[in-house]
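Subject: Structure handover

Hello,

Here is the structure for you to look through. Please keep it open while you read my notes below.

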Amino acid sequence: MFHSSCLQGKDEDKKKKKKSNADVVPESVRQRNAELQRQTEEYNKLHRGESLMSLHQQKRKADREAGIVAKKPMLQPFDPDRDMQPEVSMSASSRQKVIASASRLNNRFQRSNFE
């Protein structure tokens, strides 16, 4: 069996041998990484639009400044008899409108044009 003092000596040796990442990574690699990060940020600013979240926040801020208050929908409990009934009164033209509007939602990362 090992004595506890032997194990403590090994742990202290390991602590002494550990170096931080800054000591391990050469300066040239750090400079290259910083340059690549700067180039990536520059490319993103030029070629990518604003995020959907920032667009939403800007719209909400403009609405608040204009005095428009978003109405909260009425929360109702789930009623299977009412909620699971198929809508049989849908006409062919309204069905085509729904299909056309759904076809514009072809990517989950795009901004929708729902009207």
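How exposed is R38, and what relative accessibility does R38 have? R38 counts as partly exposed, at 41% relative accessibility. Some terms first. Buried means under 20% relative accessible area, exposed means over 50%, and partly exposed lies in between (1.4 Å probe, protein chains only).

This is a predicted model, where local features need pLDDT of at least 70, side-chain atom pairs count only at pLDDT 80 or more, and totals for chains, interfaces and linings use all residues. Residues are numbered from 1 along each chain as its sequence is written, and side-chain values use heavy atoms, with hydrogens and water left out.

Confidence

pLDDT is the predictor's confidence in each residue, from 0 to 100. The chain averages 79. A score of at least 70 is reached by 70% of the residues. Confidence is lowest in helix α1 (residues 4–17), with a mean of 59. Confidence is highest in helix α3 (residues 27–47), at 94.

Overall layout

The chain has six helices and zero strands. Along the sequence the pattern reads α-α-α-α-α-α. Helices (H or I, at least four residues) and strands (E, at least two) are DSSP runs, numbered from the N terminus.

Take helix α4, residues 52–66. Helix α4 has 15 residues and reaches 21 Å from its first C-alpha to its last. That is close to the 21 Å expected at 1.5 Å a residue. The expected span is 1.5 Å times one less than the number of residues. After α4 comes G67, with a positive phi near 90°.

Surface

Of the 115 residues in the chain, 2% are buried. The accessible surface comes to about 11,800 Å². Carbon and sulfur atoms hold 54% of that surface. These areas come from the Shrake-Rupley method with a 1.4 Å probe; for residues, only the protein chains shown count as cover.

Salt bridges

Side chains of opposite charge can pair when their charged atoms come close. A salt bridge here is a side-chain nitrogen of Lys or Arg within 4 Å of a carboxyl oxygen of Asp or Glu. The count comes to five.

Start with E27 and R30, which form a salt bridge at 3.2 Å, N to O. Both lie in helix α3, three residues apart, about one turn of the helix. E27 is partly exposed at 43%, and R30 is partly exposed at 38%.

Next, E35 and R38 form a salt bridge at 2.5 Å, N to O. They are separated by about one helical turn, because they sit three residues apart in helix α3. An α-helix has 3.6 residues a turn, so residues three or four places apart point the same way. E35 is partly exposed, at 33%.

R82 pairs with D83, their closest N and O atoms being 3.2 Å apart. R82 is partly exposed at 46%, and D83 is partly exposed at 36%. Elsewhere, salt bridges that share partners join E35, R38 and E42 into one network.

Best wishes
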